[in-house]
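Q: Could you take a close look at one single part of this model and walk me through it together with its surroundings? I would enjoy one connected account.

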Amino acid sequence: ELSYSKAAKKAYVTQQCVSNHIQRLEKELNTKLFSKNPYIQLTEAGKILYNAVKNMEIERFIIQSLLS
């Protein structure tokens with residue numbers, strides 16, 4: 001979701017919680033993951049992280065299938 005409030009509702013947490021997690025992750029990675037002009041969108045670093053996480057989910061599914 002490219003909306004903090006929609007992501008928060010989906011995760012059953014507050015918008016502030018989502019915002020805090022993103023800020024901590026950006027601080028840990030020392031990069032901005034979103035730009036907010038004129039609307040929220042992924043930065044190049046955000047796109048890289050998104051694709052990496054998506055690939056990890058695919059790999060997890062494959063490993064679970066192999067081990068079942």
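A: Helices (H or I, at least four residues) and strands (E, at least two) are taken here as DSSP runs, numbered from the N terminus. This is a predicted model, in which local features need pLDDT of at least 70 and side-chain atom pairs count only at pLDDT 80 or more, while totals for chains, interfaces and linings use all residues. Residues are numbered from 1 along each chain as its sequence is written, and side-chain values use heavy atoms, with hydrogens and water left out.

Let's settle on α2. This helix has 15 residues and spans 21 Å from its first C-alpha to its last, close to the expected 21 Å, where the expectation is 1.5 Å times one less than the number of residues.

Now for its inward side. Val18, Ser19, Ile22 and Glu26 are the buried residues of α2 (buried means under 20% relative accessible area, exposed over 50% and partly exposed in between, with a 1.4 Å probe and protein chains only). They lie on the same side of α2 because they cover an arc of only 100 degrees around the axis, the arc being that of the directions from the helix axis to the C-beta atoms. An α-helix has 3.6 residues a turn, so residues three or four places apart point the same way. On the face turned away from this buried side, α2 carries the exposed residues Arg24, Lys27 and Glu28.

What lies over the buried residues? Their cover includes α1 and β1 (34–35).

At 76% relative accessibility, Tyr12 counts as exposed. Just after α2, Asn30 takes a positive phi of about 55 degrees, again without being a glycine. Asn30 belongs to the loop between α2 and β1 and, at 71% relative accessibility, counts as exposed.

Methods
Contact means heavy atoms within 4.5 Å.
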